[in-house]
Amino acid sequence: MAFWKENSVTPKRKFRFQVQFGSTDSSASDAAASTIYWWAKTIKVPSYTVESVEHHYLDNRYNFPGRVTWEDCEMSLVDPSSPDAVDGIMQLLALSGYKVKAETDAAETIGKIAASKKMDCIINLLDEAGTLIEKWTLNNCFIVGANLGDYDYASDDLREMSLTLKYDWATCEIITGGTTSATFNPQSGVSGTTIGRTIS
């Protein structure tokens with residue numbers, strides 16, 4: 001029965017979510033590696049596109065699915081000052097290997113291992129009782145864009161910032177009654193498996 005006619009069925013709501021950055025580094029000791037970002041205002045759910053390859057045979061056209069591309073994830077947040085969101089964002093850049101070079105500095109640069117080891121972004125969707133019902137994980141995630149907002153004497157608005165996150169793939173877990181009832185994780189499948197099409 002449709003959810004608007006059945007009072008025992010509750011649709012998912014957009015505002016019941018939490019954003020968390022979880023560490024993939026087992027030796028990480030800093031608390032920020034698993035902090036709930038309660039100052040996150042909005043975040044885009046992972047999405048993807050599938051390339052299409054067209055093949056011509058005589059006067060017919062056939063389309064075949066190609067590579068899957070995961071789209072960048074946009075996130076907006078306010079700056080609560082304690083904890084200081086700007087400081088956290090700049091620390092993530094520093095942890096990725098970025099340094100302002102001086103003549104005596106070693107030639108250290110940004111690397112994926114350093115940039116992503118503390119940056120698996122987790123999006124938790126909750127129900128009305130605060131129970132986890134859906135969990136998205138952006139694997140090997142790192143920041144590719146940071147807009148730290150602006151200042152304006154004429155505005156009383158909260159300072160807002162935005163981040164653009166890039167990742168290798170997303171994992172989705174659907175939780176029912178406290179138990180994972182469905183999981184999508186392309187990395188747990190058969191090695192080498194790709195999207196394909198069979199013409200019979």
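Is E54 buried, exposed or partly exposed? The legends below describe close-up views of a predicted model, and the first view answers this.

**View 1. A salt bridge joins E54 and R61.** E54 is partly exposed, with a relative accessible area of 38%. The closest N and O atoms of E54 and R61 are 4.0 Å apart.

**View 2. D72 and K166 form a salt bridge.** Their closest N and O atoms are 2.8 Å apart. D72 sits in the loop between β4 (60–70) and β5, while K166 belongs to strand β9, so the pair ties together parts that are 94 residues apart in sequence. D72 is partly exposed, with 26% relative accessibility. K166 is also partly exposed, at 34%.

**View 3. The side chains of K12 and E134 meet in a salt bridge.** The N to O distance is 2.4 Å. K12 lies in the segment before β1 (17–22) and E134 in strand β7 (residues 132–139), 122 residues apart. K12 is partly exposed at 49% relative accessibility, whereas E134 is buried at 13%.

**View 4. Four strands form an open sheet in the order β2-β5-β9-β8.** The pairing is antiparallel. β2 (40–43) and β8 (142–147) are the edge strands, each pairing on one side only. From one strand to the next, the twist averages 25°.

**View 5. Strands β5 and β9 are joined by 6 bridges.** β5 covers residues 73–78 and β9 covers residues 160–166. L77 has M161, in β9, as its bridge partner. Helix α1 (residues 85–95) packs on the sheet and touches β5, β8 and β9. The direction of helix α1 makes about 25° with that of β9.

Notes. Residues numbered from 1 in each chain as written. Predicted model: local features only at pLDDT ≥ 70, side-chain atom pairs only at ≥ 80, totals over all residues. Heavy atoms only, no water. Pairing = 2+ DSSP bridges. Helix = DSSP H or I, 4+ residues; strand = E, 2+ residues; numbered from the N terminus. Axes fitted to C-alpha atoms, helices over the stretch in contact; angles between N-to-C directions. Contact = heavy atoms within 4.5 Å. Buried < 20%, exposed > 50% of the residue type's maximum accessible area, 1.4 Å probe, protein only.
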